[in-house]
Amino acid sequence: MPAKELSPIDVYKLLPRTNCKKCGEPNCMSFAAKLVAREATLQQCPVLLEEKYRPQFEKLWDLLKPPVRGVEVGVGDRKVVIGGEYVVHRHEFTYFHPTAIAIDVSDEMEEGVLVERVEKTSNFCYEYIGMKLYLDMIAVRSSSNDPRRFEWAVKKTAETTDLPLILCSLNPSVMEQGLAVVGERRPLIYAATRDNWGEMADLALMYKCPLVVSAPNDVKLLRSLTTTLLKYGVEDLVLDPGTYADEGLADTLDNFTMLRLSAIREGDEALGFPLLGAPIVAWSRREEDPTLNEWKESYLASMLIVRYADLLIMHTLSGWALLPVVILRQNIYTDPRKPVSVEPGVRTFGEPDEWSPVMFTTNFALTYYTVASDVQSAKADAYLLVVDSEGISVESAIAGRKLTADTVAEAVRNFKVGDLVKHRLLIIPGRAARISGEIEDLTGWRVLVGPIDSSGIGKFLGTKWKEEISKIKGSGE
Ligand code: SF4
């Protein structure tokens, strides 16, 4: 049953219904609602873990498990879960596990180059509207096909980072050498194919590691291989339907889409696994200007993120090529049920005093960080009142009555804004102009309507604000 159609009643019927509160919820129905929203796990109900409830537990497990299996790669704090999704489109429910991004190193790289790439990947961090965006894994490729060389590269990489690893070789002897070094770190094995699946399956079972199944542009073969591997006992699988740039792009996107629809809409369990994309193929033909390879890799990665890839292997480490990709990923994987918001309250910029400007904005994260950045760029000493609009931007919040003169007046009162300054001038966003009169009535503050776009704040403070505050100071008001 699709996640969005599952009701708390369906789940409640299978719970112990003792209302014992051991799960931290007031009753079983409330726990059922949390299970349906995927905000709790079955293991949080200790009663359900008792032997006599085993049949109910198993039924609930089947009911609640995602149609795309969640596969863990790595161990400890940096462990990454890929897949584990319930819906095709995020607005149908939400996505849970952002597409993981791995950067490659090869066993033919010089030591300095390899270590530098691993360190850059591990230290990559970009701050975006209050969130830190990271890269997630390192893919160690055996381009030499030499087991000793691969062992060296895997060892060097593992010594340099605690990020999860993907070991890439189609040669089982090479793979075995790499697993001997890092098997206990649960790397992802890339890959089982039509030719080597038996040996790779044995390695996956021996080291208890997840396994990629690769069948480029052949969904039928992919399905046949996963069916065989499942029967063989390997359950943590990842699907690689092949990634092609240029003229193969349409096939690539078709295959990714077909696989995800088959898993979720048709409930095909043999295809219900995370999908691996390889934008790194953009480097298979070196352009005269490598910028072109990076550009191609970046757009390929973006397309695969919106077409259900759960894991990407990339080569570029250029900020300009990676930033659009990690930002796109962040935007797609935010929970549409919960707007991205910041804490309401008063923020100070520079060293404001009792004659400094007071502005307000809403607590929608993107709005807040845009305004904050513009106030900082203006080098203003100012107060910024962040009003709770339930994480919605100014214009939408006004239209939806989440931002009203009442909520503004309440914020002014609750956060004691009047104690911060001697004047009673409140700069409001240009897009809130229509509630300016009501704000004046309810707060007793005089309103100055600020710019429509916060990029105009600097100019506004240097002209209109300066003029008004000078008049007040001059009049001794
Ligand atoms: S612990 Fe289990 S049985 Fe007790 S209230 Fe929670 S869901 Fe119900």
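Predicted model: local features only at pLDDT ≥ 70, side-chain atom pairs only at ≥ 80, totals over all residues.

Biologist: How many residues of strand S15 are buried?

Modeller: A residue counts as buried with 20 or more other C-beta atoms within 10 Å of its own. Strand S15 spans residues 382-387. Ala382, Leu384 and Val386 point one way, while Tyr383, Leu385 and Val387 point the other way. Both sets are buried, and the count for S15 is 6 of 6.

Biologist: Does S13 run parallel or antiparallel to S15?

Modeller: Strand S13 covers residues 345-349. Its Arg347 stands opposite Leu384 of S15. S13 and S15 are joined by 5 bridges, and their sense is antiparallel.

Biologist: Which residue in S15 is the bridge partner of Met359?

Modeller: Strand S14, residues 358-362, pairs with S15 in the parallel sense over 5 bridges. Within S15, the partner of Met359 is Leu384.

Biologist: What is the hand of the β-α-β crossover from S14 to S15?

Modeller: The chain leaves S14 and passes through helix H12, residues 365-377. It then reaches S15, and the crossover is right-handed.

Biologist: Why do the buried residues of H14 line one face of the helix?

Modeller: Helix H14 runs over residues 405-414, and its buried residues are Thr407, Val408, Ala411 and Val412. Look down the axis of H14: these residues line one face because they fall within an arc of 140°.

Biologist: Which helix is among the elements that cover the buried residues of H14?

Modeller: The cover includes strands S14 and S15. It also includes a helix at 436-443, namely H15.

Methods. Residues numbered from 1 in each chain as written. Buried ≥ 20, exposed ≤ 12 C-beta atoms within 10 Å, placed from the backbone. Helix = DSSP H or I, 4+ residues; strand = E, 2+ residues; numbered from the N terminus. Pairing = 2+ DSSP bridges. Right-handed = clockwise from strand over helix to strand, strands pointing away. Arc of directions from axis to C-beta. Contact = placed C-beta atoms within 7 Å.
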